[in-house]
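Dear colleague,

I am handing over the structure below, and my notes on what was found in it follow. Please read them alongside the coordinates.

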Amino acid sequence: MAGPLDGIRILEWAMYHNGPAAGYMLGDLGAEVIKVEQPVTGDYCRGVQSMFDSAMTLPGGGNVQFETANRNKKSMVLDLQQDAGRQVLYRLVQTADVFFTNFRKSVAQKLKVDYATLKPHNPRLIYATNSAYGTNGEWAEKRGFDPVAQALSGAMWMFGDRDDPEPSMAVGGIFDQTGATLLAYGILAALLARERTGVSQEIECSLLGGGVHLQAININAFLWRGRGMARHSRKRSRSAMSNYYRCADGKWLLFTEPQSERFWHDFCTALNIPEVETSPKFATADARRDNYPEINSIVENVMATRTRDEWVRVFRDYQFAHAPIYDYAEAAQEPQVLNNEYLVEMEHPTMGRVKAVGFPVKFAQTPARIQGPAPEFGQHTEQVLLDTGYTWEDIARLREQGALG
């Protein structure tokens, strides 16, 4: 069954994660995604051996970051510093619906692959850029990666415990993934607008913009109330039902129930603390807020009497919001994750049958699915050229001219 973007052709000229990850998402939706890579090195992400001090290498010589960002794609090599290479790209653009990049605008202009240059070759082209800081302002031409979005957007200050004065950095490219998701979102909206109006357009998003977007509630709280939300603190949480606690086995469990009055009876029943429920010090939400150190300590001591999984079984029949706090090994085995196909199985040429992050949106009639693993460097160069109308003689001539590296 075809995906929702079946028949859409996308050219990707991007490196690392915040651009390429948009390509894998669009590929999950059925688009043909052609990854244009520079000669010799290709996407620099191919050579990543570690990320945030953690090893990324995989059996067969690949790495987690590149495989994550580049599944479903075709890889072709083009030397865009050569006129002959650019002429090939211009011909590919004539057959494409979308061209996207995360290179800086000045680089695209220098290599003559900016929107103004490409649009005459395809008046219906959607041209998308995912920058680090946005295309306006003094930071527009600076290099940047995931942590800069965390830093400039205020996110690093919000992470961590309230009683720790240091900022804290999230690992794993979360803001890269957010930026890539917004880029895919923008491309889809631009494709819809083009179908309705015929308009070609340039769209742009950024790591910084994604970082701000991700914190809409936090930042609006500051803008509208004059002060931001406080960092979380287990010790200072004023709701025992919105906190997390260590259990007897050293594992943790989270409560996150905003309707504490509604579920206070059930909460106390589940924890078997009827004397707490009836105490005037804890009888109302306001009283519990006023006496939060004491109620937090009581719940903490009770939670320490059973293992996390024992508590999960106790709470199974209760409706107040709670969840065990998993590490990745546990999350990967969680039936709720697997039953909804948030993790799926795929065939990989060197690792065999493996699980991978799936597509988070379900389509009843045009399902998304993984089309294939990340490509080898230049694996599809000849195939893409032949599909675009080049002959084998043309390809030989292009190699002689240096267009293909």
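Two strands are taken to pair if DSSP finds at least two bridges between them, and helices (H or I, at least four residues) and strands (E, at least two) are DSSP runs numbered from the N terminus. This is a predicted model, in which local features need pLDDT of at least 70 and side-chain atom pairs count only at pLDDT 80 or more, while totals for chains, interfaces and linings use all residues. Residues are numbered from 1 along each chain as its sequence is written, and side-chain values use heavy atoms, with hydrogens and water left out.

**The sheet and its helices**

Six strands form an open sheet in the order β5-β2-β1-β6-β7-β8, with parallel pairing; β5 (74-77) and β8 (201-206) are the edge strands, each pairing on one side only. From one strand to the next the twist averages 20 degrees, where axes are lines fitted to C-alpha atoms (for helices over the stretch in contact) and angles run from 0 to 180 degrees between N-to-C directions. Strand β2 (residues 32-37) is joined to β5 by four bridges, and Glu 37 has Val 77 in β5 as its bridge partner.

Helix α3 (residues 83-94) lies across β1 (9-13), β2, β5 and β6 (98-101), running at about 150 degrees to β1, whereas helix α8 (residues 174-197) lies across β6, β7 (126-131) and β8, at about 160 degrees to β7. Contact here means heavy atoms within 4.5 Å.

**The cores**

A nonpolar core is a set of buried Ala, Val, Leu, Ile, Met, Phe, Trp, Tyr and Cys residues joined through side-chain atoms within 4.5 Å, buried meaning under 20% relative accessible area with a 1.4 Å probe and protein chains only. The largest such core has 31 residues, and those with the most contacts inside it include Leu 11, Trp 13 and Phe 99. Helix α3 gives the most to this core, with six residues. Not counting residues up to four places away in sequence, Trp 13 touches, among others, Val 36, Leu 80, Phe 99 and Leu 111. A second, separate core of 25 residues includes Ala 21, Tyr 24, Ala 31 and Phe 100.

**Helix α14**

In α14, the buried residues are Tyr 292, Ile 295, Asn 296, Val 299, Val 302 and Met 303. Seen down the helix axis, the buried residues of α14 fall within an arc of 130 degrees (taken from the directions from the axis to the C-beta atoms), so they line one face of the helix.

Kind regards

Notes:
Buried < 20%, exposed > 50% of the residue type's maximum accessible area, 1.4 Å probe, protein only.
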